[in-house]
Structures are given as C-alpha cells and as structure tokens.
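Here is a short briefing for a first look at this protein chain. Keep the model open while you read.

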Amino acid sequence: KRKESNIKILTENIKKRIEEKSGILSMGHQGGICLVGHSQIDNWDIKSICGKIVRNCGIRGISSFEYNHYILEQGRMDCAENTYVVMHGTNDIVYDYSDRDIVLSIKATVEFIRKRKPISRIIMLPVLHVNGRLDRNNQRIDALNVLLHDTFKEVEWVDCSEMDDEFGNLAQEFTIDGLHLSDAGYEKLHEIIDKAER
C-alpha cells in the first residue's frame, strides 16, 4: 500500500513539475544546448556551456518511459537546438523493466529528437554510478551502460568515470545522498561536457 501511495505521489509530482516547466519545454533556443533527463539534469542550475545558452528540460523523478509518455508523445518539447545532452536510465532501473525495455525507451527519446532535428548532435551521458544506495546498484548500472553504448552508435558518448572514486562508486564529494549531485558534482559534470562540446 505504501509503495503504491509513493508511486502515486511521485507521478503527481512529475506532472506538476512538467507543468511548471511547460514554457521551457516548448521554447527552444536556436544555437543553444538542450538538456534532457531526470533529477540529475533538472537540479542542475546552469545557464550556458561553451558560451551556448542551455535550456534545461530535465524533470525530477521521471523515468525515460514517463518522459516519453507525458512529454514527447504529447508533443510538449520543442526541438530548436542543434545539440542535445541526454541522460536517462537511473530512475528506470528501480522499476521492473528489463535492460532491453529501458534501451528501447531511451531509443524513443533519441528518435524523437532525430525526427524533429535530423542534423542535431546528440551527446549521451551514461547512467552515473551511485554510492551506498539500496535502491540501485552499480553492477546493474554497468550492464545497462554497456547495452546502451552498444545500441547507440549514432550518438556521442561522454565518459564520466572521472566522477568515480577508487572503488568505482560515485565519489562522495560529488553527491549529496549517493545519487543526486552536489555543487562539486555539477562542476565536474560541466567540465566533462565542456570538453566534449569543444
């Protein structure tokens, strides 16, 4: 019962956040960079990368399945930018989806962008490792990342291993709770994407 109640509350929060960001979702920036994903994207307070305006279309708590259902299938996201940074997957693995199902869901996001902006550059961020989380584990994350990397040959992959500690966990300095990023984590992520964008 509690799990069902939590899922219902999360869904309502996701829908509310989508409404809060409806203007951002619907108004792209020519020549800018569009960020697509979950809370690790949504919580990122960033205005520009390499001098290009950033439009943050991340939604806290959302899975790639929900992103497709509530946003893309409803035509709520404009695709005006030439560059898209996509980060999906960490919220997908807490549900009963197979890795193949998750890959197909994320593929739908990539295809949505490609259909509307065929010449777009898509930069894919891996599912980041976690540190001490009971709801996610790095072995599952590694397996999913391998499958995603093998599936998406037409996108640019960014290596985020610099964010790991010596044990292969998300470094403590880069996270506030083992999953969500700290200010230092966002600084490192900015640095990584900045290098890729150059």
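A residue is called buried when its relative accessible area is under 20%, exposed when over 50%, and partly exposed in between, using a 1.4 Å probe and protein chains only. On that scale, 49% of the 198 residues of the protein chain count as buried. The model is predicted, so local features need pLDDT of at least 70 and side-chain atom pairs count only at pLDDT 80 or more, while totals for chains, interfaces and linings use all residues. Residues are numbered from 1 along each chain as its sequence is written, and side-chain values use heavy atoms, with hydrogens and water left out.

**Overall fold**

- The protein chain has seven helices and six strands. Helices (H or I, at least four residues) and strands (E, at least two) are DSSP runs, numbered from the N terminus.
- Starting at the N terminus, the order of elements is α-α-β-α-β-β-α-β-α-β-α-β-α.
- The radius of gyration of the protein chain is 16 Å, which agrees with the value near 16 Å for a compact globule of 198 residues. This radius is taken over C-alpha atoms, and the globule rule is 2.2 Å times the number of residues to the power 0.38.
- Along the principal axes, the C-alpha atoms fill a box of roughly 40 × 40 × 30 Å.
- Contact means heavy atoms within 4.5 Å. Among contacts with a separation of 6 or more, 70% join residues 24 or more positions apart.

**Nonpolar cores**

- A nonpolar core is a set of buried Ala, Val, Leu, Ile, Met, Phe, Trp, Tyr and Cys residues joined through side-chain atoms within 4.5 Å.
- In soluble globular proteins, nonpolar side chains tend to be buried together.
- The largest nonpolar core holds 32 residues, and Tyr67, Ile71, Met77 and Phe152 touch the most other members.
- Two or more residues of this core come from each of H1, strand S1 (33–37), helix H4 (64–72), strand S4 (83–87), H5, strand S5 (121–124) and H6. H5 gives the largest share, six residues.
- Another core lies apart from it, with 23 residues, among them Val54, Leu125, Leu181 and Ile192.
- Beyond its neighbours within four places in sequence, Met77 is in contact with residues including Leu25, Cys34, Val36, Tyr67, Ile71 and Phe112.

**Pockets**

- On a 1 Å grid over the protein atoms alone, a pocket is an open set of points with protein on both sides within 12 Å along at least five of seven lines; a 1.4 Å probe fits at the points, and lining residues have an atom within 4 Å of a point.
- The largest pocket has a volume of about 400 Å³. Grid points are joined across faces, edges and corners, and a volume is the space filled by probe spheres set on the points.
- It is lined by 16 residues, and Leu10, Asn91, Val94, Tyr95 and Arg136 lie nearest its centre.
- Helix H1 (residues 2–20) supplies the largest share of the lining of the largest pocket, five residues.
- That lining has six nonpolar, five polar and five charged residues. Here Ala, Val, Leu, Ile, Met, Phe, Trp, Tyr, Cys and Pro count as nonpolar, Asp, Glu, Lys and Arg as charged, and the others, Gly among them, as polar.
- The second largest pocket holds about 220 Å³ of space. Of its 15 lining residues, Pro126, Val127, Asn145, Asp159 and Cys160 are the closest to its centre.
- Helix H6 (residues 138–151) gives the most to the lining of the second largest pocket, three residues.
- The lining of the second largest pocket divides into eight nonpolar, four polar and three charged residues.

**Residues to look up**

- Ile106 lies in helix H5 (residues 99–116). Ile106 counts as buried because its relative accessible area is 1%.
- Leaving aside neighbours within four places in sequence, Ile106 is in contact with Ser64, His88, Gly89, Met124, Leu148 and Phe152. The C-alpha atoms of Ile106 and Ser64 are separated by 6.0 Å, though the two are 42 residues apart along the chain.
- Ser182 sits in the loop between strand S6 (156–157) and helix H7 (183–197). Ser182 is buried, at 10% relative accessibility.
- Cys50 is in the loop between strand S2 (48–49) and strand S3 (52–58). Cys50 is partly exposed, at 27% relative accessible area.
- Most residues other than glycine have a negative phi. Cys50 is not a glycine, yet has a positive phi of about 55 degrees.
- Gly51 is found in the loop between S2 and S3. Gly51 is exposed, with 70% relative accessibility.
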